[in-house]
Amino acid sequence: MISKRVRELAPYKTETTEAKVRLSSNELSLQLPEDVKKRIGEEVSRIPFNRYPDPEARELKEVIALRFGVKPENIVLGNGSDELIYYLSIAVGEFSSGVFCPVPTFSMYSISAQVLGRERIEVRLNEEFDIDLQKSLEVIRKKKPALAYFAYPNNPTGNCFSEEGIRAIRNQGVFTIVDEAYYHYSGKTFLKEALEREDTVVLRTLSKIGMAGLRVGILIGKEEVVKEINKIRLPFNITYPSQVIAVLILRDFYHIIEEAIQTVISERQRVYKEMLKMEGIRVYPSEANFIFFKSLYLSGDELYKRLLRKGVLVRNFSYMVANCLRVSIGEREENDAFLQALHEVLTTS
Ligand code: PMP
């Protein structure tokens with residue numbers, strides 16, 4: 001029989017609605033040149049599919065280590081950082097202890113806790129979307145969670161929490177996971193601390209830098225911590241094609257990725273400024289590849305529907321934060337389509 005614990009779970013929601021312009025999942029709009037695609041095709045055709053891939057994905061770990069400035073021994077790879085979030089929630093502390101995170105945030109932290117029957121300890125962010133430190137410390141002293149997740153920058157709000165807040169929570173003896181899925185758009189990191197301390201790890205992913213389809217998440221920490229997490233990793237969790245394609249792109253074509261990241265950062269600034277000029281929304285500053293905004297007159301649900309009717313798909317977060325939506329930064333033409341649709345919706349209601 002399926003446990004009550006599982007029956008009570010809500011299925012994970014992803015945005016699969018069809019639309020001409022999809023700006024809902026914080027992917028990187030990356031157009032690889034034809035010759036690069038051809039190279040990928042050639043490499044993939046050489047894969048012996050009847051064989052298991054390297055269970056340790058050693059070559060991929062080496063390339064990632066080089067690109068991210070760490071050693072392969074500091075890395076655990078996951079089938080997306082989603083899988084690594086599960087591993088951390090399994091590995092850190094006893095299941096009788098809780099999992100802390102400030103909310104609203106990425107839902108997988110709570111889902112992984114709930115699946116394991118661990119208590120979810122959530123504290124609302126303050127008005128500036130930063131950690132409410134006083135309340136958090138109060139709750140933490142009382143409930144003594146074993147681990148805490150901080151999306152840095154936070155999804156969906158787009159800001160980085162104050163570093164002092166994160167450290168103050170860690171000082172309560174809480175194992176600290178700094179999820180830097182959007183690191184390439186913020187440049188801010190806890191990497192040094194993750195490499196030096198046994199109570200801190202950093203999560204990164206290839207998903208937000210153009211390779212979401214490959215499902216490669218990266219945990220970075222001290223060798224001692226990495227060794228333990230690796231014990232619960234499912235063997236062969238990174239598929240053969242993912243290993244081959246990610247190695248090729250990160251090794252030989254990383255400059256294309258870097259260029260696309262820079263374009264998104266400058267587009268984010270342009271879109272933000274254009275949105276600031278519009279009446280009927282409040283726009284929040286972002287250090288990620290998306291922008292969070294609030295609809296002031298129309299309901300969030302209505303604004304979402306009207307944008308969709310104009311062919312633009314964003315993510316509706318009204319169920320989490322009243323009347324708030326999130327738009328990913330895409331290519332210039334996609335962003336223009338969004339800005340045009342938003343302008344029309346706001347001026348013709
Ligand atoms: N962390 C954060 C903060 C995210 O926003 C996401 C994706 N939405 C993830 C992790 C999951 O990324 P992945 O594709 O690597 O599983």
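How do the residues of the lining of the largest cavity divide into nonpolar, polar and charged? They split into six nonpolar, two polar and three charged, where Ala, Val, Leu, Ile, Met, Phe, Trp, Tyr, Cys and Pro count as nonpolar, Asp, Glu, Lys and Arg as charged, and the others, Gly among them, as polar.

Before going on, a word on the model: it is predicted, so local features need pLDDT of at least 70 and side-chain atom pairs count only at pLDDT 80 or more, while totals for chains, interfaces and linings use all residues. Residues are numbered from 1 along each chain as its sequence is written, and side-chain values use heavy atoms, with hydrogens and water left out.

**The cavity**

A cavity here is a set of points, on a 1 Å grid over the protein atoms alone, where a 1.4 Å probe fits but cannot get out; a pocket is an open set with protein on both sides within 12 Å along at least five of seven lines, and lining residues have an atom within 4 Å of a point. Grid points are joined across faces, edges and corners, and a volume is the space filled by probe spheres set on the points.

The count is one cavity of 30 Å³ or more. The largest cavity has a volume of about 40 Å³. Among the residues that line it are P55, E56, K61, N230 and R233. Strand β2 (residues 75-78) gives the largest share of this lining, three residues. Helices (H or I, at least four residues) and strands (E, at least two) are DSSP runs, numbered from the N terminus.

**The pocket and its ligand**

Now for the largest pocket, which holds about 1,100 Å³ of space. It is lined by 45 residues, and the closest to its centre are Y12, K13, F106, S107 and R315. Helix α5 supplies the largest share of that lining, four residues. By class, the pocket lining has 20 nonpolar, 12 polar and 13 charged residues.

The ligand sits in this largest pocket, meaning that more than half of its atoms lie within 2 Å of the pocket's grid points. Around the ligand are 14 residues, the closest being S81, D179, T205, S207 and R215; a residue is near a molecule if one of its heavy atoms lies within 4 Å of it. Helix α4 (residues 80-91) brings the largest share of this shell, three residues. The shell comes out as five nonpolar, five polar and four charged residues.

| Residue | Ligand atom | Distance |
|---|---|---|
| N155 | oxygen | 2.7 Å |
| T205 | oxygen | 2.6 Å |
| R215 | oxygen | 2.7 Å |

On its own the ligand has 400 Å² of accessible area, and the protein covers 92% of that; such areas come from the Shrake-Rupley method with a 1.4 Å probe.

Most residues other than glycine have a negative phi, and most peptide bonds are trans. Y152 and P153, though, are joined by a cis peptide bond with omega at about 5°.

Look for N26 in the loop between β1 (21-22) and α2 (34-45).

Note on methods:
A polar contact is a pair of N or O atoms within 3.5 Å; within protein, one must be able to donate a hydrogen and the other to accept it, and residues adjacent in sequence count only if both atoms are side-chain atoms.
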